[in-house]
Amino acid sequence: MDMVYRLGVGITKPSLVRAEKSAAVDLSVDRFMEGASRRRRGDIVFVVNPRGANGRTGREWKKLLPFLRSRLGSDCNICESLTSGPSHAIDITREAIREGADAVVAVGGDGTLHEVVNGFFWNGKPTTGYENSTHTTSLGLIPLGTGSDFARTFGWKNDPREAVERIARGVKSKIDVGVITGPNKEPHYFINVADIHLSAKAGYYASRYKTFGNLCYVFGALRAFMGHSNRDLKIKANGVWRKFPKVTALCIGNAQFFGGGMKITPNGDPCNGNFEVVILQDFKWYDFIFKLHKLYAGTHLSEKNVHSLSVQSVEVEEIEFSDGIYVQSDGEHLGFLPMKFFILPGAIEMIT
């Protein structure tokens with residue numbers, strides 16, 4: 001492998017992108033020291049989930065490296081950080097920001113992006129640099145995962161070379177971030193879609209079938225339907241409580257797509273300062289069969305048992321306690337109701 005460099009302008013400590021699980025950082029001190037004299041250029045950390053998409057992410061990343069170095073290597077220092085397990089991308093991202101990286105790029109699917117976004121925050125506040133608290137680290141994405149649903153809102157394909165060209169152009173936009181809080185829970189952040197009840201349960205089970213690629217979402221949905229019943233929920237949207245009976249699923253979109261290409265919140269816009277909340281009521285299993293094409297096309301809002309709200313905050317509770325209503329965000333299981341959701345407008349600068 002050609003040389004890759006430690007990031008962080010002006011940092012003198014002889015360490016790599018130090019994370020709490022530093023064994024997964026695939027660099028050497030010798031490479032770092034050789035690159036030290038070149039750290040006056042831009043510094044980019046690529047956070048790679050090598051096991052993503054059944055190992056395809058790691059294989060595609062290795063193929064991409066020569067092109068990435070040829071396209072970006074003369075303008076910036078490139079650091080490759082391989083994740084070793086759950087939450088490692090969070091640790092890597094926080095340390096990269098603290099040490100002054102110019103950008104952190106998630107290489108993988110929505111799960112890797114989700115962790116990187118959470119790394120932009122610490123203890124309820126934005127992560128800041130050790131030496132310069134005003135330095136801005138940008139977020140980037142090379143979509144190479146199973147679903148890569150967030151990328152779909154921007155019309156980005158799973159084309160790594162196209163993603164490298166975006167990074168090379170360096171155009172940036174302010175992106176909204178969603179925040180989720182629950183009883184006695186630390187804030188959790190999401191960038192794409194959070195969802196509740198059937199869809200969240202389907203996502204929970206889909207994660208067990210990742211070896212089947214996009215079919216995992218079909219298997220997850222079939223498993224979630226077993227024993228499913230619609231629930232009455234209380235929803236506080238922009239300060240006003242309302243009751244919604246027989247809720248099948250509730251989706252809170254910062255962006256538009258989830259579940260491997262389903263356009264569930266078709267008006268979601270990560271740059272407008274609002275969530276789109278879509279509520280499906282009293283759906284039966286056959287409704288999903290006959291209306292599935294509308295859910296994927298984003299034309300389901302005209303259905304009589306589908307409601308759409310534009311909000312900056314929303315709270316969701318059960319009216320009568322049950323065995324637990326699932327909550328997830330960006331495909332990551334977060335627990336059960338009650339939960340609160342609110343938006344942080346323009347919280348992250350993203351390379352778009």
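This is a predicted model: local features need pLDDT of at least 70, side-chain atom pairs count only at pLDDT 80 or more; totals for chains, interfaces and linings use all residues.
Trainee: Good start! Why is Cys-79 called buried?

Mentor: Set the value against the cut-off: buried means under 20% relative accessible area. Cys-79 has 0% relative accessibility, so Cys-79 counts as buried.

Trainee: And what makes Cys-271 partly exposed?

Mentor: Partly exposed lies between the 20% cut-off for buried and the 50% cut-off for exposed. Cys-271 is at 41%, so the label is partly exposed. As for disulfides, the structure holds zero.

Trainee: How do you know that helix H3 is largely enclosed by the rest of the structure?

Mentor: Go through residues 88-98: eleven of the eleven are buried, and therefore H3 is called largely enclosed. The buried residues include His-88, Asp-91, Arg-94, Glu-95 and Arg-98, along with Ile-90, Ile-92 and Ile-97.

Trainee: What covers the buried residues of H3?

Mentor: The cover includes strands E1 (42-48), E2 (76-82), E3 (103-108) and E4 (121-122), as well as helix H4 (110-119). After H3 comes Gly-100, with a positive phi near 95 degrees.

Trainee: Let's move to Thr-127. Where does Thr-127 lie, and why is Thr-127 buried or exposed?

Mentor: Thr-127 sits in the loop between strand E5 (125-126) and strand E6 (138-143). Its relative accessibility is 11%, which is under the 20% cut-off, so Thr-127 counts as buried.

Trainee: Which residues is Thr-127 in contact with, leaving aside neighbours within four places in sequence?

Mentor: Leaving those neighbours aside, Thr-127 is in contact with Arg-94, Ile-97, Arg-98, Gly-119, Phe-120, Phe-121 and Trp-122. Arg-94, Ile-97 and Arg-98 are among the buried residues of H3. A polar atom of the Thr-127 side chain lies 3.0 Å from the backbone oxygen of Gly-119. The Thr-127 side chain also reaches the backbone nitrogen of Phe-121 at 3.2 Å.

Trainee: Now Asn-254. What makes Asn-254 buried?

Mentor: With 0% relative accessibility, Asn-254 is under the 20% cut-off, and therefore counts as buried. Asn-254 belongs to the loop between strand E11 (240-253) and strand E12 (275-281).

Trainee: What does the side chain of Asn-254 reach at 2.9 Å?

Mentor: At that distance the side chain reaches the backbone oxygen of Asp-176. Leaving aside neighbours within four places in sequence, the contacts of Asn-254 include Asp-176, Val-177, Phe-190, Asn-192, Pro-270 and Ile-343. Although Asn-254 and Asn-192 are 62 residues apart along the chain, their C-alpha atoms are separated by 5.2 Å.

Trainee: Last one! Which residues form the nonpolar patch on the surface?

Mentor: The patch is formed by Phe-212, Leu-215, Val-218 and Leu-222, which together have about 390 Å² of accessible area.

Trainee: Why is Leu-215 called partly exposed?

Mentor: Its relative accessibility of 46% falls between 20% and 50%, so Leu-215 counts as partly exposed. Leu-215 is found in helix H8 (residues 215-225).

Key: Residues are numbered from 1 along each chain as its sequence is written. Side-chain values use heavy atoms; hydrogens and water are left out. A disulfide is a pair of cysteine sulfur atoms within 2.5 Å. Buried means under 20% relative accessible area, exposed over 50%, partly exposed in between (1.4 Å probe, protein chains only). Patches are made of residues with over 30% relative accessible area and no salt bridge: like charges are joined within 9 Å, nonpolar side chains (Val, Leu, Ile, Met, Phe, Trp, Tyr) within 5 Å. Accessible areas come from the Shrake-Rupley method with a 1.4 Å probe; for residues, only the protein chains shown count as cover. A salt bridge is a side-chain nitrogen of Lys or Arg within 4 Å of a carboxyl oxygen of Asp or Glu. Helices (H or I, at least four residues) and strands (E, at least two) are DSSP runs, numbered from the N terminus. Contact means heavy atoms within 4.5 Å. A polar contact is a pair of N or O atoms within 3.5 Å; within protein, one must be able to donate a hydrogen and the other to accept it, and residues adjacent in sequence count only if both atoms are side-chain atoms.
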